[in-house]
Amino acid sequence: MNQDEVIRLQSIVKKLQSEDGCPWDRVQTHESIKAGCIEEACEVLAGINILTETGKADNLKEELGDLLLQVIFHANLAEKEGLFDLQDVARAAADKMVRRHPHVFHDPMRGKDGQPVTDWVEIKQLEKEGREWEEEYLPGALEEGRELINKAAKRKGLSMPSEGGDRLR
């Protein structure tokens, strides 16, 4: 197959979200698919555990695809809203990796004092300068993630361990 599979998947998602697409997909929002995103991330963890314990990669491949679908779904919603598109998401991730690995890709960034900045944490702090307020949203997001994971476990008939306990049974 010659077509880039990511582009193919994106065109499928766009078709599903279109007026003549799937009624369910058409009405989804960033909020309505939060649960699916966190659930797919957890299923990627299960796929990694399966790979580690059995050497079998099929589940991990499938679950990474499902997580990629979530990313594309959100990016397409954002594109319809005029915010950004999948290319912007990929560009932001690629640019970030290049910036945070000066030892691989370029000369180091310079701090306010003009000195080279090569430490990943320091580079991240420089990138986030003026946006420190975004960190205030993380505790609430982590709690929301915990609640969504608990709901997913209940839906799948799994019991959740207490904090610091064993894995799902």
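Trainee: How far is the sulfur of C37 from the closest cysteine sulfur, and in which residue is that sulfur?

Mentor: Before the answer, please keep in mind that this is a predicted model, in which local features need pLDDT of at least 70 and side-chain atom pairs count only at pLDDT 80 or more, while totals for chains, interfaces and linings use all residues. Residues are numbered from 1 along each chain as its sequence is written, and side-chain values use heavy atoms, with hydrogens and water left out.

The closest cysteine sulfur to that of C37 belongs to C42, and at 10 Å it is too far for a bond, given that a disulfide is a pair of cysteine sulfur atoms within 2.5 Å. C22 is in no disulfide either, since its nearest cysteine sulfur, that of C37, is 19 Å away, and a search of the whole structure finds zero disulfides. C37 has a relative accessible area of 26% and is therefore partly exposed, as is C22 at 23%; buried means under 20%, exposed over 50%, and partly exposed in between, with a 1.4 Å probe and protein chains only.

On the side of α3, the contact with α8 is made by K34, A35, I38, E39 and C42, and on the side of α8 by E144, G145, L148, I149, A152 and R155, contact meaning heavy atoms within 4.5 Å. The axes of α3 (residues 34–54) and α8 (residues 138–155) come within 9 Å and cross at roughly 75°, and the two helices are therefore roughly perpendicular to each other, a word used for angles of 65 to 115 degrees. Such axes are lines fitted to C-alpha atoms over the stretch in contact, with angles running from 0 to 180 degrees between N-to-C directions. By class, this contact of α3 with α8 has six nonpolar, one polar and four charged residues.

Leaving aside neighbours within four places in sequence, F73 is in contact with V13, Q17, D25, Q28 and I33.

Note on methods:
Helix = DSSP H or I, 4+ residues; strand = E, 2+ residues; numbered from the N terminus. Parallel < 35°, antiparallel > 145°, perpendicular 65-115°, else oblique. Nonpolar A, V, L, I, M, F, W, Y, C, P; charged D, E, K, R; others polar.
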